[in-house]
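Let's take a walk through this model, one contact at a time. Keep the viewer open and follow along.

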Amino acid sequence: MDSRSQAPLKSSSFSSATSNKATREVDRNLSLGALRHGDHDRRGAPAGAATWEQINEEGEEEDDDGSGEPGPGVSALSGEIDAFIAGHDAGVSIPEATLERFAAAVEQEIAQSEKARDKWAADGNGELLLAAIARVAALASVLAKNTEASAKYASGAHRVTAVLHHAMSFLEDEFHALLEPKAADTCKLARRPASFEQGGHEADRCVLRPPDNAAHSAHAESTQTYPPETVDRLRSIADTMVGAGYVTECTQMFLVARRNAFDASLRALGYDKASIDDVVRMTWEALETEIATWIKAFRHTIRKGFTTEHDLCAHVFTGRHASVGRAIFADLARCVMLNLLNFTEAVAMTKRSAEKLFKVLDMYESIRDASPVIDAFLSVSANDEPAAGCNSDALTDLKAEIAAARSRIGESAASIFCELESSIRADAGKQPVPGGAVHPLTRYVMNYLKYTCEYNSTLEQVFREHRRRDDGGDNPFAAQLTDVMELLNTNLEGKSRLYKDPALSNIFLMNNGRYMLQKIRGSPETNAMLGETWARKQSTNLRQYHKNYQRETWNRVLTLLRDDGVLTVKGHVQKPQVKDRFKQFNSAMDEIHKTQGAWVVSDEQLQSELRVSIAAVVVPAYRSFLGRFAQTFSAGRQTEKYIKLSGEDVEGIIDELFDGNPSSMTRRR
């Protein structure tokens, strides 16, 4: 059977726009909001057409042969009708009364079905009725194509055309009732997609309500699906309607119903479309929640929703109408996805800040992973016939939209990460951290990088796409990460100069450098990204800071314990000089204990290494000094006045350094 251009004109009960073949394409610009069905007014018939009441009355009169017995039924007349359809080109004719009786019989079957509670009972009458309607459509097409037949059977052709319109209206109602049973119960007027509305009857419309709480979990699990018997009925009706040329009516009704079902499933997951302005104005806390919901809805759509809808389309539109089902799925997928992708555009327009990176990367990964799914559906339709090219076009457009959204979000992610460098540069505080402890900037950056590197493969992909470098490195993200670490080191070196005591400057650099190294080594992802070269360089820097600290603090102390030719002259101990050295050593140790006891080294291993290294040099030197010069003083008060510390006391002082508790030897004793 050919397209609708070969069928007779429809009654005005349908939108006039749909009678034009050019408008038979599925509308690809359906509203992304809630879709509505409008009432279909059957009262508008073409000029000269009989009303439904007149047709029914005429049918009753014609079916009555005067004997009080009903006229021949559909089955009895079908043979003659089939012979006429098959042989009309060869000159086969048929009495016009037979045409009218057949139309009246089909009309009567439709009327009985409209009254029946179960129009699709297991007795097979539903399938017989569909076969009769298909026969009416074929008959109407033959009569419309053949000018001679149209003139010869004018009255019968008119009657067949009227019955065909009634039949299609009936099937549309049944199709809608099967597609949206709850909506049909909620709103009896909701019988047509919005494209069928006769302008301006707002009162006749019914907005489909979101699913109630009872249905929430079911919708969250999947989009609405149907029992096998319902799918079979949908397929039979669709086959009849499409075969009769009513492709637009059938496909738009199916598309609207499935869009409503799909939207309901997304609402059940918590996702509601928000405008770009609403998203841009959201606080980060609110937006973070919205993004998490969007990701859940998007992944549900890609992983389950599309497969469900694709399979449903394939089961309802089969055989020679399979391309129609593929076109419906393509349109549905594009409509749903454009709705979801609009949110990504809004997120990309929000103010960029470091805390958004991880949620934006989650969005990027979701969009990236959608491309293979769309590619798979494209490959299915690659060999589709040209008549259904809209299927491929819609999916190709969708693939382009996904690529554009991925690019927007990828660019946003790269920019957000690069904002970290700006944050480091901008952190130029003038107040040093007390005790030379780890700076808050160091903690923030290193923890941020730890979580960032959990997305290392994704960020490598993002930086390859959006931040190409001139240094020709294999991994642009790893190079960017190295830049961040160098920038942080430079910033910390500047902060170390805020301390007046050079020894404390080196403790600060040691603390921060050690924290950075431990964080890198504690994260396999970050360690792999920066590499062993960076770790070795950082370790070298730490050793240098350690040496600098010891030189600034303990070299002066060790100088006091050396006999540089002043303490003994020609083998004689110079008692005044020895007294002065002990006094200077005691004072130096008291000052170090009081000052450096307040300094902070929170890393226990580093703290232990520092104490051990100091004690290894200072304690033996002091014990040697004591051994040589302790006997200079007479026992008693003189010894106590100058020799205030034993070797164990010096060890104890060293063991109390760097714990953040200021003290002195006096308080200690």
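Is Asp232 buried, partly exposed or exposed? With a relative accessibility of 36%, Asp232 comes out as partly exposed. Keep in mind that this is a predicted model. The partner to look for is Arg235, whose salt bridge with Asp232 brings the closest N and O atoms to 2.5 Å. Both residues sit in helix α9, 3 residues apart, or about one turn of the helix. Arg235 is partly exposed too, at 26% relative accessibility.

Now zoom out to helix α9 itself, residues 228-243, and find helix α6, residues 154-179: their axes come within 10 Å and cross at roughly 150°. That makes α6 roughly antiparallel to α9, and the crossing is left-handed.

Lys399 pairs with Asp375, with 2.8 Å between the closest N and O atoms. Lys399 belongs to helix α15 and Asp375 to helix α14, so this pair ties together parts that are 24 residues apart in sequence. Both ends are partly exposed: Lys399 at 37% and Asp375 at 30%.

Another one joins Asp564 and Arg581, at 3.0 Å from N to O. Asp564 is in the loop between α20 and β4, while Arg581 is in helix α21, 17 residues apart. Elsewhere, Arg514, Asp603 and Glu609 are linked in a network of salt bridges.

Ile276, Val280 and Met349 make a nonpolar surface patch, with about 240 Å² of accessible area together. Val280, in helix α11, is partly exposed at 39%.

Terms used
Residues numbered from 1 in each chain as written. Predicted model: local features only at pLDDT ≥ 70, side-chain atom pairs only at ≥ 80, totals over all residues. Heavy atoms only, no water. Patch = residues over 30% accessible without salt bridge, like charges linked within 9 Å, V, L, I, M, F, W, Y side chains within 5 Å. Areas by Shrake-Rupley, 256 points an atom, 1.4 Å probe, with all protein chains shown as cover. Salt bridge = Lys/Arg side-chain N within 4 Å of Asp/Glu carboxyl O. Helix = DSSP H or I, 4+ residues; strand = E, 2+ residues; numbered from the N terminus. Buried < 20%, exposed > 50% of the residue type's maximum accessible area, 1.4 Å probe, protein only. Axes fitted to C-alpha atoms, helices over the stretch in contact; angles between N-to-C directions. Parallel < 35°, antiparallel > 145°, perpendicular 65-115°, else oblique. Left-handed = near helix turned anticlockwise from the far one by under 90°.
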